[in-house]
Structure formats: structure tokens, C-alpha cells
Amino acid sequence: MTVNNLSLCYHNKLILAPMVRVGTLPMRLLALDYGADIVYCEELVDLKMLQCKRVVNEALSTVDFVAPDDRVVFRTCEREQSKVVFQMGTSDAERALAVARLVENDVAGIDVNMGCPKEYSTKGGMGAALLSDPDKIEKILSTLVKGTRRPVTCKIRILPSLEDTLSLVKRIERTGIAAIAVHGSPISLSPRKREERPQHPVSCEAIKAIAETLSIPVIANGGSHDHIQGYLDIEDFRRATAASSVMVARAAMWNPSIFLKEGPRPLEEVMQKYIRYAVQYDNHYTNTKYCLCQMLREQLESPQGRLLHAAQSSQEICEAFGLGAFYEETTRELDARRAKLLARSPEEAEEPAEDTSGIIKMAIKFDRRAYSPQITPKMCLLEWCRREKLAQPVYETVQRPLDRLFCSVVTVAEQKYQSTLWDKSKKLAEQAAAIVCLRSQGLPEGRLGEESPSLHKRKREALDQDPGDPRTQEPAMPGELCKKPFVALASGQESPLEGW
């Protein structure tokens with residue numbers, strides 16, 4: 001049996017289980033603070049991850065995987081790099097490998113979810129749906145083991161038949177994975193009968209049978225409801241299952257300090273520490289609020305619970321827990337850090353200059369008030385290209401995650417033009433790039449009193465045509481004539497557009 005390059009040991013470990021909406025960076029860091037050895041992120045679907053771009057967020061000192069809509073799908077940091085396991089939802093070996101290669105330099109391990117019975121996981125053949133397709137399980141895990149440098153694991157539930165379960169886990173072991181996590185609650189393989197919540201008590205005997213059958217580490221999971229109320233219960237659960245390690249879900253969600261040998265810390269203290277991490281790492285307030293609600297549970301109707309329920313921002317959450325001053329101080333520090341990072345790239349003078357990349361640049365912004373309502377620089381540039389029988393302009397627009405501003409490069413006759421000033425929208429950035437091109441060529445750009453006669457002539461010709469004539473068409477906007485790819489770039493750097 002070949003096991004790929006291991007950097008993470010799964011023997012005798014306390015592990016934070018993967019939990020949707022809970023296993024984000026603040027909760028993972030909190031669990032590590034309180035004694036967890038390994039932390040799993042929430043399940044992230046392969047198709048969603050493959051749309052993401054890896055961005056180094058210097059302001060937060062994190063690595064972000066950012067979706068095309070600018071949403072951070074996965075955020076991690078150096079503190080957890082040797083402890084965090086990336087769990088994915090997948091039903092395809094090649095997609096799984098592509099995701100593993102995308103994240104492997106920033107995580108300690110790769111895990112495949114094969115146990116979640118909920119619809120968001122089982123649709124598309126993911127999660128517990130994989131348990132009815134051992135061939136697909138084997139292909140996914142074998143592909144990952146051979147193709148990634150990180151240890152590969154999977155998380156399953158026991159099947160209704162112990163014999164079938166043991167047959168499946170032995171086949172899984174032969175793929176070369178480093179460990180297997182087993183939730184001890186059985187699940188039906190019938191799509192119509194898959195439980196949304198565990199209806200049966202966790203079977204310590206079934207997990208024990210698996211642990212005694214396999215030579216790789218078995219991670220016991222599912223004891224929060226019946227077995228684990230405190231730290232000592234974790235070790236009791238491990239002994240009862242003969243497992244190498246224990247993975248804790250709900251008990252850790254309710255109070256992550258359950259991993260402390262000396263006993264859990266007061267909930268108020270735990271929540272305040274969680275909020276501090278959430279603010280420091282710019283966690284979205286809705287996720288912060290959700291996790292705090294899971295901790296409060298029966299105290300949601302308390303005065304503090306009602307304040308939390310009413311909170312509509314990170315600031316209001318902080319104020320509900322007496323951390324208003326901390327929020328203001330932290331946000332000021334983050335704003336100052338972002339400003340300092342932005343200041344590293346001084347704006348160039350407005351005179352044209354060609355840099356080593358061959359891009360002609362000027363410090364220009366597009367001010368709509370200075371231009372005719374009917375004519376824009378992009379329209380002037382397009383018209384000039386048509387008149388000179390050149391290919392239409394091609395715009396490549398990027399967004400800087402640091403402040404979400406945009407910059408565009410326009411290519412005309414194999415020459416690139418760009419404004420060094422970043423703008424608040426994609427359209428404004430493209431207009432600025434068009435102005436750079438027009439000014440460097442000494443061409444009219446559509447400013448008031450400087451409109452292009454050829455454009456006026458084109459408008460008059462359109463007005464003179466019979467509206468019923470089928471040849472009459474509305475003039476197309478430049479944006480409709482040239483489709484422009486969009487990507488997010490890290491720290492304002494330029495790079496070739498991927499996938500185009």
C-alpha cells in the first residue's frame with residue numbers, strides 16, 4: 001500500500017469536526033487555542049472552489065480563495081497551516097484533484113465528505129450519496145492519493161449492515177488514504193430514506209469493529225449527543241470505540257473550550273474571544289452571528305441574546321458584547337494597514353510613459369461630467385479603430401481584493417494602455433484606459449466641445465433611416481461588441497487571465 005507524503009499525524013489527536021457555517025477561520029483558531037490538535041474547515045463544494053482565485057490578503061495576513069462575485073469562499077492563515085484539513089464535497093475524481101492542487105500549499109490535509117446526509121451535500125452525488133457507489137469512492141480517493149502532496153482522508157457513516165461497512169472501509173484503506181473518520185450513526189443508502197438528523201444512537205461497537213479491522217488511524221465521530229459533555233468524556237469515547245483519535249462536532253460548536261484538559265471556560269469569555277477573531281479576520285457578520293447563536297442556545301431569549309438577534313453588522317455584534325471600543329480600534333488599524341499597502345504604489349504623473357512591461361500608462365480618471373451625455377471615450381476609441389480598419393479594442397479588467405477597486409488595460413493595434421489610478425467600478429476603469437489610448441494618440445476623446453464629427457455623422461445617419469427598415473439597428477455599445485473577461489487579482493498585480 002502506498003501512502004503519499006504525510007505531514008500530519010492522525011494518532012491520538014483531538015479534532016474539530018467539519019461543520020457547515022461553523023468551521024470558518026475564527027472558530028478553527030479558537031479551537032486551536034483551546035487545545036484541538038487538528039481543525040477541519042466546513043465542507044466546500046468542488047465546483048465552487050474551482051471558480052476561485054487564490055489571493056494573498058496582506059492586510060489580514062491571510063490567504064483567501066475568492067469567488068468571481070468577490071465572496072471569500074475559504075480563508076486561512078499561517079497560524080493554522082500545519083493543522084487545518086480542507087474538506088471538499090465532490091463526486092468527480094478529476095475535479096477533486098484540481099481542488100486539492102489549488103489548496104494544497106496552504107493546508108495540512110485533504111478530506112472528502114462521504115457521510116453528510118443533507119440535500120446540499122447529497123445532490124450531485126456528493127456526501128452520503130457516495131456510500132452507494134464504492135467504485136466512485138475508490139477512484140476519487142486513489143486519484144487524490146496519487147496526485148496531491150498532502151495526506152488524504154475521508155469521512156463516512158456506518159452502513160445499515162456491519163458486514164457491508166467493513167467491506168467498504170477495507171476497500172477505502174487500499175486506496176492509500178492516511179486515515180478515515182467514522183460517524184457512528186447508521187444511514188440508509190436509499191435517497192428517500194436518508195436521515196437529515198441522526199435518528200439512532202451512535203454505535204461505539206461499529207466504530208470499534210472498524211478500528212480493529214483497519215491498520216490506518218480511525219477517527220471516531222458522533223459522540224456529542226450521547227457521550228461527550230466534557231474533556232474527560234472525549235477520552236472515554238475514544239476508549240469505547242478503540243479509535244486512534246476523536247473528532248468533536250456539536251459539543252465543540254456549543255463551547256470550543258471543551259478541548260481544554262482543565263475544563264471548559266465560561267461561555268461569555270469564549271464568545272468574546274471568538275468575536276475578536278471574527279473582527280480581526282474580517283469574518284462576515286452573518287456567519288459570526290450564526291456561530292454565536294449556536295453557542296448561546298437556550299440563552300437566546302436573554303437580554304444579550306436579543307441584542308445579538310437584532311444585530312445587523314459586526315459593529316453591532318461587538319456592542320452587544322461590550323466590545324465596541326475593540327471594534328473601532330481594530331477597524332482603524334485595518335484601514336491604516338490597507339492605506340499603507342496602497343501607498344506602496346505611487347501614482348504616476350499624467351505624462352505618457354512606457355514601462356518595462358510595454359504598457360503605456362497615465363494617471364487618469366474618467367469624470368462623466370466633463371463629457372457629452374451621448375459620447376464616451378470608449379465610443380470614440382471604437383469609432384477610430386473602425387475608421388483606421390483596426391481590430392476593435394479589447395479590455396482586460398481586474399479587481400484588487402484589498403480595496404475592491406478596478407483597473408483596466410485596453411489593447412489597440414497590439415499596444416496596451418492603462419490608467420495607473422484604480423476606480424470604483426469596472427465601467428469607469430475601462431473608460432479611463434480608453435482615455436489613455438486616445439490622449440497618447442492625440443485623438444478626440446468626447447470631452448465637451450471636443451466631440452468626434454464622425455460619431456455625430458453616424459448618429460444623423462441613424463436618425464435619417466426609416467424606423468421600419470429591417471436594416472435599421474440600434475447602435476451597439478462598445479461593451480456589447482467586445483466581451484471582456486474578469487478576474488480578481490492579488491495586491492494589484494497584473495497576471496495573464498486564466499481560462500480565456
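User: What does "buried" mean for a residue in this structure?

Analyst: A residue is buried when its relative accessible area is under 20%, exposed when over 50%, and partly exposed in between (1.4 Å probe, protein chains only). This is a predicted model, in which local features need pLDDT of at least 70, side-chain atom pairs count only at pLDDT 80 or more, and totals for chains, interfaces and linings use all residues. Residues are numbered from 1 along each chain as its sequence is written, and side-chain values use heavy atoms, with hydrogens and water left out.

User: Why is Phe74 called buried?

Analyst: Its relative accessible area is 3%, and the limit is under 20%; therefore Phe74 counts as buried.

User: How many aromatic pairs does a search of the whole structure find?

Analyst: The search finds four. Rings of Phe, Tyr and Trp (its six-membered ring) pair if their centres lie within 6.5 Å; planes under 30 degrees apart count as stacked, over 60 as edge-to-face and the rest as tilted.

User: What makes the pair of Phe74 and Phe86 edge-to-face?

Analyst: The ring centres are 5.2 Å apart and the planes stand at 80°, so the angle falls in the class over 60. Phe86 is also buried, at 0% relative accessible area.

User: Why is the pair of Tyr277 and Tyr281 called tilted?

Analyst: Their centres lie 6.4 Å apart, and their planes meet at 35°. Tyr277 counts as buried at 14% relative accessibility, and Tyr281 does at 17%.

User: Which residues do ring pairs link into a cluster?

Analyst: Ring pairs join Phe65, Phe74 and Phe86.
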